[in-house]
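Hi,

Here is the structure I promised to pass on.

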Amino acid sequence: MSRGHGVPGPAPRRRTRALAALAAVTLALGAGCAVDRGAEQSGPSEGTIGLLLPEAKTARYETTDRPTFVAVVERRCPTCEVLYANAAQDAANQQQQAESMLARGADVLVLDAVDTVAAVSVVAEAQRLGVPVIAYDRFVADANYYVSFDNELIGYLMGEALVGAVEARTEEDPPAEGRPGVLLVQGSPTDPNSAALAAGAHRALDGEDIDVLAEYDTPDWSPDKATEWVEGQLTQYPGRVDGVFAASDGIAGGAIAAMKAAGLDPVPPTTGQDGELAAVQRVISGDQYMTVYKATTQQARTAAELAVRLLRGQDPRATAVIDGVPSLLLAPRAVGPDDVQRVLVDGGVYTVDEICTPYYVEACVDVGLLEAAS
């Protein structure tokens, strides 16, 4: 991975209006997908921006990324039109959605790819038509820009936290024999972020007195598939699982469900990332050891600002270069029980009321989010 600074992005190349002849093409939709054209425009549009998100199983996409992106575009460019589609984890569907957005006159595409290898053809077609592509959250080769987080750093933060937790656990309760063991439940094999997260985790674990019992690439980041795999590993390694590296909060939820069903109490330390509300509640209750909060609102704002500037023919500067693509990388934050107030509540991510629902009131008191009833 190479990095540079102050690298100007390419100016957008305008297509001919010959594409107008294709405007009748209907935006392709698959099961569970939606299209949002943004607010209705009262005058001529300054341009059109297409936003393509990969799936809805991860809560952030529909609750944070999409509404934030649309709101920023509407504020920065009131006459711009936003085309939106969610691919429901179907790469072929996403390609159809992208092609249809191009046919409808999209001037910029913001693409969070289901399959980053397949998405290269989307980038090539867009650029053939003079449409710049912003790879959002997941790197796509030859995109004009990339907006994301340093995913290897996120994996390292999770791995480092897991090492500390396992060491503390085994000091209190040493394994009956051999070294402590962990499971690595990675993300989807079609998502390059998974490889970066895995690299960070291995960097944290290398040289430590901990055995990696088994490792799994979770198809589609599916919590259900993570549950099934962890159930099998608990049977294969009875009494040997002292911690779990889970590559996302959804996967963490699946792994924790498997361990609870197997009667493990307390649940071995389990990582996560995304800062989902359910995960934060698991963190304060002790079911999940930690999460990594990624300011997805900031990420969506950054992508929206970048898209508007590209639409207007500007040359935004990047903060890094990854595999030749000008990139803007945002900083993640590790969050344990003692960090929830400072990072998430004071940071305006969640309110105490959202976190401290009736089931979690006692846990909220324990970590200082609520005062004990007198």
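Before the notes, one term: a residue is called buried under 20% relative accessible area, exposed over 50%, and partly exposed in between (1.4 Å probe, protein chains only). This is a predicted model, so local features need pLDDT of at least 70 and side-chain atom pairs count only at pLDDT 80 or more, while totals for chains, interfaces and linings use all residues. Residues are numbered from 1 along each chain as its sequence is written, and side-chain values use heavy atoms, with hydrogens and water left out.

Salt bridges to start with. The term means a side-chain nitrogen of Lys or Arg within 4 Å of a carboxyl oxygen of Asp or Glu, and searching the whole structure gives 17 of them. One of these joins D242 and R169, at 3.6 Å from N to O. D242 sits in strand β9 (residues 241–246) and R169 in helix α4 (residues 151–172), so the bridge links distant parts of the chain, 73 residues apart. Helices (H or I, at least four residues) and strands (E, at least two) are DSSP runs, by the way, numbered from the N terminus. D242 counts as buried at 9% relative accessibility, while R169, at 27%, counts as partly exposed.

Next, R179 and D209 meet in a salt bridge at 3.1 Å, N to O. R179 is in the loop between α4 and β7 (181–186), and D209 is in the loop between α5 (192–205) and β8 (211–217), 30 residues apart. D211 and R240 form a salt bridge too, at 3.4 Å from N to O. Here D211 belongs to strand β8 and R240 to the loop between α6 (223–236) and β9, 29 residues apart. Shared partners join R179, D209, D211 and R240 into one salt-bridge network.

Now the aromatics. Rings of Phe, Tyr and Trp (its six-membered ring) pair if their centres lie within 6.5 Å; planes under 30 degrees apart count as stacked, over 60 as edge-to-face and the rest as tilted. The structure has three aromatic pairs. Y216 and W229 are stacked, because their ring centres are 5.1 Å apart and their planes are at 5 degrees. With Y216 in strand β8 and W229 in helix α6, the pair ties together parts that are 13 residues apart in sequence. W229 is buried, at 14%. Y359 and Y360 are edge-to-face, with centres 5.0 Å apart and planes at 80 degrees. Y359 is exposed at 69%, whereas Y360 is buried at 15%.

Last, some backbone points. Most residues other than glycine have a negative phi, and most peptide bonds are trans. Which peptide bond is cis, with omega near 0 degrees? That is the one from D265 to P266, and P266 lies in the loop between α7 (249–261) and α8 (277–285). D137 is not a glycine, yet has a positive phi of about 75 degrees, and D142 likewise has a positive phi of about 75 degrees without being a glycine. D137 is in the loop between β5 (133–136) and β6 (145–149), and the place of D142 is in the loop between β5 and β6. D137 is buried at 3%, but D142 is exposed at 54%.

Cheers
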